[in-house]
Amino acid sequence: MMQAGLHALLSHWWRRPFQLVTLLLGLATATALWSGVQAINTEARASYDRAAQALGAESRDRIVARDGAAINQDDFVALRRAGWLVTPVVDGRVQTENGSIRLLGVDPFTLPGGSLPGDLADTALDLSFLTPPGQVVVSPATADRLAGTDLPPIVRVEGVAPAMGYADIGIAQDLLGLRGQLSYLLVLDDQPLTRPSLDTIAPDLRVREGQGQADLARLTDSFHLNLTAFGLLSFAVGLFIVRGAVGLAFEQRRPVFRTLRALGLSTRALLGLLMAELLVFAVVAGALGIALGYLIATLLLPDVAATLRGLYGASVEGELSIAPVWWLTGLGISVLGTAIAAGSSLWQVARLPLLAPAQPRAWAMARERSMRWQAVAALALAVLAALTGWLGSGLVAGFAMLGALLIAAALALPLILHGALRLGGRMARGPVREWFWADTRQQLPGLSLALMALLLALATNIGVGTMVSSFRLTFTGWLDQRLASELYVTAEDEAQAGDLRAFLEERSRAVLPIFSAEGEIGGLPTEIYGVADHPTYRDNWPILSAQPDVWDRVAEGDGVLINEQLSYRDDLSPGDAIIVSGWQTEVAGIYSDYGNPLAQVLVGMDALDRFEDVRRTEFGVRIDPSETGALTDALIDTFGLSPDAIVDQARLKQMSLSVFERTFAVTGALNVLTLAVAGFAILTSLMTLATMRLPQLAPVWALGLTRGRLARLEMWRALLLAGLTMLLALPVGLLLAWVLLAVINVEAFGWRLPMHLFPGQWVLLMGLSLLAALLASLWPARRIARTPPADMLKVFANER
Amino acid sequence: MLSVDTLSKTYPGEAGPTAVLKGVSFGLDDGDTMALQGESGSGKSTLLHLIGGLDRADSGRIVIGEDEVTALDDRGRARLRRDSVGIVFQQFNLIPSLTVADNLAFQARLAGRRDTDWDARLTERLGLADHGKKYPEQLSGGQQQRVAIGRALAAKPRLVLADEPTGNLDEDTGERVLDLMLDLVRETGATLLMVTHSAQLAARMNRRLYLERGALSG
C-alpha cells in the first residue's frame, strides 16, 4: 500500500519535471547562499584563532621594561625560576645592503606550539637553526631580496610575513647587537596561580596587556554579522521559491490526496510519505546547494580576506578549507528550510477532510481573509520594528529591527498591491483594460511570494546601495580633509626621527609631528595622538561638533578632541569631563574617524608628554605636491628608509579607497545574487501560473481577444507588478538605508553617516527590475501566444 | 444566414488521425433555431467550435452573413467572435475576476455595441438585478448560466451558439434557463444553434440535426 501510495505521489513530479527543477533549484540556491556565507565566516574566524596564537601579533600579554628600554636576560631567568611561564623575544631591524628586515629572535624551547606563522609552525627547527651561524627564516619573496647579503643562511618558508625574519634568540641577539638583552617577554597561557608577583622579582618590568587580536573577533563581529544577515536574507528569498513550488505541488495533488485517503491510506501514512519525499528533495538539493555554496565562498573569499586585512588588519588565508561540520550544517539548513516552506502545506493535508472538493482551488485564489491576517501580522511587525529601534540597543537589536521591518514590508506588499490594482481598475476605461486590472488582481495571490522576494531584493539593493554611496561620498570628502599633508614619513627610531625632522624642515613648508602613545579610557585601549598647533589641522580636520576655540584649548592642554566612535561608546559630548590614562581633562570637540575601530584622542603636543611610551617617529610633511617624488628619493638616499616608511597622500588615498571598494565588493556581489534569485522566483511563479492560466484566458479568447493580444497583456501584467513593487521597495529601501546608517553603523563601527539620496541608482534599479520582469514573462507570454486553439477548446469541452 | 458546406475536420491522435467531421453541410435562416444532437464524440462540439471561429476546418466552407469564416485569419476570427457570434458554454466560463454586471456587459463592450437600456432589461429578465456586484463564484450554477446567456445576448449577435447550455443544471433549472434563452433569442431575432443530448429540449427547436460519427444522419 505504501509503495503504491508513494508511486501515486511521485508520479506528479514525472509529469511536471519543471516544477521539480524549480523546487530543487530554489532550495539549492537558498542553501548555497547561506552555506557560502557561513563558510567564509568560519574560515575567517579560524584565521583569527591562528593569528591570535601567532608570535609577533600583540595578542598575548607582554612583559616590558618600565622605561621602554631592553630587558636584562637575567630577569627572564629569574622569572622562569619563580614559576612565570614566559618566553623571550628580541625584536629589531637588521640593515643589509638590499634593504632592512624586522628580525624576531625566538626561543624554540619555551615557545608554545602554534606560535609561529604559516608553514614555519610545521617546520622542524633543527640544530642548524640553533647553533652558529644559525638560520634566518623568511618568506620566499624576502629571501629573493636578501640573496647575496651577509646574513646567516636564509631558509624560505611560506606564510612568513613580508620583510620579516625569524632566528634563534642567540643568533638574533648577535645580529641586532643586543647580547644579553631582550625586547620583551611573552606571557604564556595557564600561569601557575602560586607564582610571586612581578614586582617582587623584577620591579623595573611591567605587564602590558595584549590587544589587537584579542579584540579582533569582537571588531570583525559586525562585519560577519553583516554577512550573516545577507546570507539569511538570500536564504529567505530562496525559501519564497521553495514555498511557492511546494504550495503549488500540494494544491495540484489535492485530488490525489483525497483519493489515496478514500482508498484506505491513513492521514499519518500520507503525511509520512510526503515528509519522506520532502526529505529526499532536501538532501539532494542540500548537497547541490553546498557545492554551489563552496563555489560562491571560493569566489568571494579573496575579497573578504582583502577587506578584513584592509579594514581590521586581520589576516585571513585566501583559500577555503572544508570541515565536515560545514557539510552537515548545510544539509541541516536545507532540511530546515524545506520544513519551514512545507510546514503549512503539511498542516493543511493533516486537516484535509475526506470529502474535500477535489478541484485544486486555493493556491492562486487566496481569499481576502488571509490577506487581512497578513496585514495584521505586518502591522505587528512594523510596531515591533519601531519598538526595537526605540527601546533596543546593540547590534543584534539593530538587525532585529531590520528583519522585522523587511518582513513587515513583504507581508504588507500583497495588500498594498491589491489596493493599487483596485484603484487602477476603477480608473480604467474600456472592457479589456477593466478586465486586465481585475485579472491582475486575481493573479496576485499566486505571484505574491515572488513579488515579496523581489521587494526584499530591491529594498536591500536600495538600502545597501544608498548606504555604500553615502559612505563613499562622505568618506572621499573626509579623506580630503583628514589627509591634508602631502607626505607621511616614519623613522626607524627616535634618533633617526630627530635627524629626519631637521632634514625635512629645510625642504618643506611645515613638518607636523604625528606622535602617539597607547593609553586607556574606562579600562579600554585608546590611541592618543599629539597634534601640532598648525593651520593644517585648524583648516582641514573633520570636526563634527566642538566648543569655541577648540584648537586653542587643545594646544594649551585645556581639552582634547575625541573621535566619534569614542563619543558614542562613552556617550561623551563637548564640555564633558574625560580621564585619559589618569589625566583628567575635558572633551573640547568630536571629529569623524571612519575606518578606525578603536577609540582615539587628539591632545596638544605638550600634553602628550604625560603619557608613557610615546612613539615620536612619524611626521606629516607639507610641501608642493609636485615635489613629493624628489623628496621621497632624497629620504631613501639619505636615510636608507624603506619605501614602506614613506607614504604620499595620493597613494594613501588610493589605498584607502581601494580598501573601501573591496569592503563593499562582497556586499555588492551578494546584492546581485539576491536580485538574481528574486528574478528567478518571478520566472518560476509566472511559469507555474501559466499552466493554470488557460481556464481563465480561454473565455476571454473565445469572446474575441487574439492569443497575441493576451500574450502582450501577460507581459504588461508582469511589468506593472514589478514596477509597482519597485515603487514600494523605494521607501522601504530608504528606511533600510537610514537604519543601516543611523543605527547599525553606529552600533557596529561607532560612527554615524549623513544619508545622501541617489535617484540615478533608483532609475537604474527600476530599469533592471522591469527588465527582469520582462525576461521572466517572455516565455509564459510566448506560450500563450502559441497555445493551439485545440488546447483552448479543451477548457470548454464537456469531457474535461 | 449560416451556410456550412462539406465541412471536414481531423484531429491527430496516438492511434493515428481521427476524422471528427466528414463533409457536413447544412444551412440556417435568420431567426431559425436548430438542435444539434448525437452521441458523445460524434463531432457536435467540434462543429460548433468551427462555426464560432474557435477552431479551423481542414476543408469545406462556413459563411455567416457576409463573412466567410473559413477564409478568416486568427485576427479575423477573433473579430467575428466579438461582433457576430454569441457563445454559451456548458461550463459557463465566466470571467472570475469580473463582477456579474461586468461579465454581462463584457462582450457587448468588446464589440462596441453596449446598449445600457438593453443591459438593464436583460439583467431584469434574467433575474440578476440583485446580483450585479457579486462575483461568479458567489452564484449558483443556474444563476451562472443565466449570466453566460446574458453575456452572449448583450451584444445582440446574429448567431448564438450554445453547447449543452443546461448540461450542468438539474432538470427544472435547465427548463427555466432554456425558456429564458429561447425567449431572448426570439426577442433579438438571432439564429440559435444548440448542441444537446436531450430529445426533450431538442423538440423545442424549429429544426433538428443528428450527427453520427462525424456525418449528418436522418
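Two salt bridges link chain B and chain A. This is a predicted model.

**Contact between chain B and chain A**

- Arg707(A) forms a salt bridge with Asp74(B). Their closest N and O atoms are 3.5 Å apart.
- Six residue pairs are in polar contact between chain B and chain A, both residues being at pLDDT 80 or more.
- On the side of chain B that touches chain A, α2 (74-83) and α3 (100-110) each supply at least two residues.
- The residues on that side of chain B divide into 10 nonpolar, six polar and 11 charged.
- Chain B brings 27 residues to the contact, and chain A brings 27 residues.
- Together the two chains bury about 2,600 Å². Carbon and sulfur atoms account for 56% of that area.

**His49(B)**

- His49(B) sits in helix α1 of chain B, which covers residues 44-51.
- The relative accessible area of His49(B) is 8%, so the residue counts as buried, the cut-off being under 20%.
- In chain A, His49(B) is in contact with Leu793(A) and Phe796(A).
- In chain B, leaving aside neighbours within four places in sequence, His49(B) is in contact with Leu54(B), Asp55(B) and Asp163(B).

**Strand β12 of chain A**

- Strand β12 of chain A spans residues 510-513. Ala510(A) and Leu512(A) point one way from the strand, while Val511(A) and Pro513(A) point the other way.
- Ala510(A), Val511(A), Leu512(A) and Pro513(A) are all buried.
- β12(A) runs antiparallel to strand β20 of chain A, residues 618-622. Four bridges join the two strands.
- Within β20(A), Arg622(A) is the bridge partner of Ala510(A).

**Arg569(A)**

- Arg569(A) belongs to helix α18 of chain A, residues 564-569.
- Arg569(A) has a relative accessible area of 33%, so this residue counts as partly exposed; that class lies between 20% and 50%.
- Leaving aside neighbours within four places in sequence, Arg569(A) is in contact with Ile521(A), Leu524(A), Pro525(A) and Ala599(A).
- A polar atom of the Arg569(A) side chain lies 3.1 Å from the backbone oxygen of Ile521(A).
- The C-alpha atoms of Arg569(A) and Gly750(A) are separated by 7.0 Å. Along the chain, these two residues are 181 residues apart.

How values were computed
Residues are numbered from 1 along each chain as its sequence is written. Chains are lettered from A and ligands numbered from 1 in the order in which they are written. This is a predicted model: local features need pLDDT of at least 70, side-chain atom pairs count only at pLDDT 80 or more; totals for chains, interfaces and linings use all residues. Side-chain values use heavy atoms; hydrogens and water are left out. Buried means under 20% relative accessible area, exposed over 50%, partly exposed in between (1.4 Å probe, protein chains only). Two strands pair if DSSP finds at least two bridges between them. Contact means heavy atoms within 4.5 Å. Buried area is the accessible area (1.4 Å probe) that two parts lose on being put together, summed over both. A salt bridge is a side-chain nitrogen of Lys or Arg within 4 Å of a carboxyl oxygen of Asp or Glu. A polar contact is a pair of N or O atoms within 3.5 Å; within protein, one must be able to donate a hydrogen and the other to accept it, and residues adjacent in sequence count only if both atoms are side-chain atoms. Ala, Val, Leu, Ile, Met, Phe, Trp, Tyr, Cys and Pro count as nonpolar, Asp, Glu, Lys and Arg as charged, and the others, Gly among them, as polar.
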